[in-house]
Amino acid sequence: AGRLHVDSEMMDEIKKHHRSQPVVLVGHSLGANTAVKMANELNTLDNGFRTVDLLVTMDAFGFNNDIIPPNVKKNLEFFGENNFFLNDGPNVARDVNVTEVKNEIRPELHTEIDDAVDVQRKIFHGIDAVLANSKVEHAVPKEIKEKDREIEKEKEATIMAPIIVIVEA
C-alpha cells in the first residue's frame with residue numbers, strides 16, 4: 001500500500017551494475033534516512049532483492065528509519081546521545097540471522113558526528129572489509145583456462161570495486 005519509492009539517479013546508478021558488485025550506502029541526518037529508504041527499495045522484487053553489503057547511518061533524521069531490512073549484510077549506526085529530537089535511537093535488524101547491526105552512541109552534536117575522526121576510521125574499516133570480501137570470479141574463456149593456469153590465479157585474486165553511494169541531505 002503506502003510504500004515510499006526512492007526515485008533518484010543514485011538508485012539508477014546502482015541498478016546499472018552487476019548484482020555481484022558490492023553496494024555501500026553512507027548517509028548522515030536526512031541522507032541517512034534516505035540511505036535506509038534506498039536499502040528498503042533495493043529489497044524489492046522490482047530491484048531483484050539487491051544486497052547492500054554495508055549501510056552506514058549517522059544520526060538518521062526521523063522515526064521510520066530504525067528497522068534495517070534483511071538485504072543489508074551490515075549496518076554501522078552512529079547516533080548522538082543528546083540528539084533524540086532528531087534520531088529516536090538505535091537501529092534494529094529485521095532478521096538478525098542475516099544482518100549485523102552495530103549501534104554506537106556518540107557524544108558529538110548532530111552536525112559533528114560525520115566529522116569525528118574515529119567515526120570516519122570505522123567507516124573506512126567497514127569499506128575495507130567489504131573490499132576484502134568482494135573477490136569475484138570473472139568470466140574467462142574455457143580455452144584460455146585450459147592453456148594458461150596463471151590467468152586462473154590472477155582471476156582469483158581480482159577484487160571487484162564496490163558501488164559506494166554517499167547520500168547528502
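Why does N71 count as buried? With a relative accessibility of 5%, N71 counts as buried, since the term buried is applied under 20% relative accessible area, exposed over 50% and partly exposed in between, with a 1.4 Å probe and protein chains only. The model described here is predicted, so that local features need pLDDT of at least 70 and side-chain atom pairs count only at pLDDT 80 or more, whereas totals for chains, interfaces and linings use all residues. Residues are numbered from 1 along each chain as its sequence is written, and side-chain values use heavy atoms, with hydrogens and water left out.

The secondary structure of the protein consists of five helices and seven strands, which follow one another from the N terminus as α-β-α-β-β-β-β-β-α-α-α-β; helices (H or I, at least four residues) and strands (E, at least two) are DSSP runs, numbered from the N terminus. Of the 169 residues in the protein, 44% are buried. The protein exposes about 9,800 Å², of which carbon and sulfur atoms supply 53%, as computed by the Shrake-Rupley method with a 1.4 Å probe, only the protein chains shown counting as cover for residues. Among the contacts (heavy atoms within 4.5 Å) with a separation of 6 or more, 70% are accounted for by residues 24 or more positions apart.

Five strands form an open sheet in the order β6-β4-β2-β1-β7, with parallel pairing, where two strands pair if DSSP finds at least two bridges between them. The edge strands of this sheet are β6 (100-106) and β7, each of which pairs on one side only. Neighbouring strands of the sheet are turned by 10° against each other on average, direction ignored; the axes are lines fitted to C-alpha atoms, for helices over the stretch in contact, and angles run from 0 to 180 degrees between N-to-C directions. Within the sheet, β1 and β2 run parallel and are joined by five bridges, and V24 has L54 in β2 as its bridge partner. Helix α1 lies across β1 and β7, running at about 175° to β7, while α2 lies across β1, β2 and β7 and runs at about 150° to β1.

In soluble globular proteins, nonpolar side chains tend to be buried together.

Not counting residues up to four places away in sequence, I14 touches V23, L25, M38, L42, R50, I163 and V165. N71, found in the loop between β3 and β4 (74-80), touches A39, L42, N43, R50, T51 and V52 under that condition on sequence distance. I127 is part of helix α3 (residues 117-132) and counts as buried because its relative accessibility is 11%; beyond residues up to four places away in sequence, I127 touches V24, L54 and I164. D59 lies in the loop between β2 (54-58) and β3 (67-68) and counts as buried because its relative accessibility is 0%.
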